[in-house]
Amino acid sequence: DAETAMRRAVSIPPPRASEHRDLGALHASQGRTREARDELRRAMAMDSTDAATWLNLGNLERRAGRDTLALAAYRGAVARDSALTLAIEAQAQVLVALGRAHEAGDAYRRWIERAPDNLAARHDAIQHFIAEGRSDVALEIARGAVRADPQSGDAYLMLGVALDATGDKRSALAELRRAEATYRDGAGRARARSLIATLRASAPDS
């Protein structure tokens, strides 16, 4: 029914890029990749400034396993709307998949700059930099998380993990305990306790 309505809208002049974009998104949700790509490219030809169309194309190419094309589309989206954090997040994830760790790190930094209060962005960035052996950068980002939300158990948990990665076990344990005390939900407290137990097992003198 939605497709019928959209096709009817597309057939009524004047042509509108947004209608082709939405039809392309519908095809993508149905797994009709070729038709989705055709509609999105029609929309881009009519209005190349719409960042949402570029984002949809990037998502389509990524699902199709064409990461290089997805990356180009995500970059096109950001070029048209530098505040589109979904496209910056997707860039970072695709760059990791492509093995381009340094560029992925730059994308994570841009993501945090655009959304400093987004703790999920900080969590992903911290994990990335720890995996790349840049615990100093991970610690900087984790401290920013605490500044952004000093009432968040997640922020203290991230700080504890980052401190542990630097080798400062005692400070890490203190922050994990602070996370446990800050959490208001049982699941959060249980997560903190699990990390505390793991840390104490690896460093009994802490």
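User: Which residues touch the most other members of the largest nonpolar core?
Analyst: In this predicted model, Phe 129 and Ile 141 do so among the 54 residues of that core. A nonpolar core is a set of buried Ala, Val, Leu, Ile, Met, Phe, Trp, Tyr and Cys residues joined through side-chain atoms within 4.5 Å; buried means under 20% relative accessible area, exposed over 50%, and partly exposed in between, with a 1.4 Å probe and protein chains only. Local features need pLDDT of at least 70, side-chain atom pairs count only at pLDDT 80 or more, and totals for chains, interfaces and linings use all residues. Side-chain values use heavy atoms, without hydrogens and water, and residues are numbered from 1 along each chain as its sequence is written.

User: What is Ile 141 in contact with, leaving aside its neighbours within four places in sequence?
Analyst: Ile 112, Arg 122, Ala 125, Ile 126 and Phe 129, contact being heavy atoms within 4.5 Å.

User: Why are the buried residues of H3 said to lie on the same side?
Analyst: The buried residues of H3 are Ala 36, Arg 37, Glu 39, Leu 40, Ala 43 and Met 44. They cover an arc of only 165° around the axis, taken from the directions to the C-beta atoms, and therefore share one side of H3. Arg 34 and Ala 45 are exposed on the face turned away from it. The buried residues pack against helix H2 (17–29) and helix H4 (51–63).

Technical notes. Helices (H or I, at least four residues) and strands (E, at least two) are DSSP runs, numbered from the N terminus.
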